[in-house]
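Here is a short briefing to read alongside the structure.

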Amino acid sequence: MGYAASEIEQNYSRAYDICRGLGEVPQQAPALYGLWVYHLLRGHREDAWELSSQLHQFATISDPPLVTRSALAITTFYGGNCREARELLEDAKCLYAP
């Protein structure tokens with residue numbers, strides 16, 4: 001049995017609120033990432049943009065910055081700004097270390 005879309009959003013929102021309330025900054029990133037994916041795939045561009053911007057802020061204080069910067073680039077791409085998205089992805093690619 002699958003989850004309803006609203007349940008997915010509620011679960012990630014709750015996880016984010018709990019982490020934020022505990023002051024655990026690095027642990028907020030996975031919850032934000034889940035919310036970002038949810039909104040991106042549902043076509044909620046404004047919400048996806050806001051969440052990817054928040055994720056990008058974690059790039060300076062959390063691991064892995066590659067993921068958070070890629071989220072911003074993907075959201076920019078979905079927003080129709082291909083040139084800026086490519087630049088952001090090029091920056092993110094420099095962070096990749098297999």
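Let's start at one residue: beyond its neighbours within four places in sequence, Ala31 is in contact with Tyr12, Ala15 and Tyr16. Please keep in mind that this is a predicted model.

**Overall fold**
- The chain has five helices and zero strands, giving the pattern α-α-α-α-α along the sequence.
- Of the 98 residues in the chain, 32% are buried.
- Among contacts with a separation of 6 or more, 39% link residues 24 or more positions apart.
- The accessible surface comes to about 6,600 Å², and carbon and sulfur atoms account for 54% of that.

**Surface patch**
- On the surface, Ile74, Phe77 and Tyr78 form a nonpolar patch with about 300 Å² of accessible area together.
- Ile74 sits in helix 4 (residues 65-78) and counts as partly exposed, at 30% relative accessibility.

**Cysteines**
- How many disulfides does a search of the whole structure find? The search finds zero.
- Cys19 is buried, at 15% relative accessibility, whereas Cys82 is partly exposed, with a relative accessible area of 45%.

**Salt bridges**
- Side chains of opposite charge can pair when their charged atoms come close.
- The structure holds three salt bridges.
- Asp17 and Arg20 meet through their side chains at 3.2 Å, N to O. These two residues are three apart in helix 1 (residues 5-22), so about one helical turn separates them.
- Asp17 is partly exposed at 41% relative accessible area, and Arg20 is partly exposed at 47%.
- Arg86 forms a salt bridge with Glu90, with the closest N and O atoms 4.0 Å apart. Both lie in helix 5 (residues 82-93), four residues apart, which is about one turn of the helix.
- Lys93 and Glu90 form another salt bridge through their side chains, at 3.5 Å, N to O. They are three residues apart in helix 5, again about one helical turn.
- Through shared partners, these salt bridges join Arg86, Glu90 and Lys93 into one network.

Conventions:
Residues numbered from 1 in each chain as written. Predicted model: local features only at pLDDT ≥ 70, side-chain atom pairs only at ≥ 80, totals over all residues. Heavy atoms only, no water. Buried < 20%, exposed > 50% of the residue type's maximum accessible area, 1.4 Å probe, protein only. Contact = heavy atoms within 4.5 Å. Areas by Shrake-Rupley, 256 points an atom, 1.4 Å probe, with all protein chains shown as cover. Disulfide = S-S within 2.5 Å. Patch = residues over 30% accessible without salt bridge, like charges linked within 9 Å, V, L, I, M, F, W, Y side chains within 5 Å.
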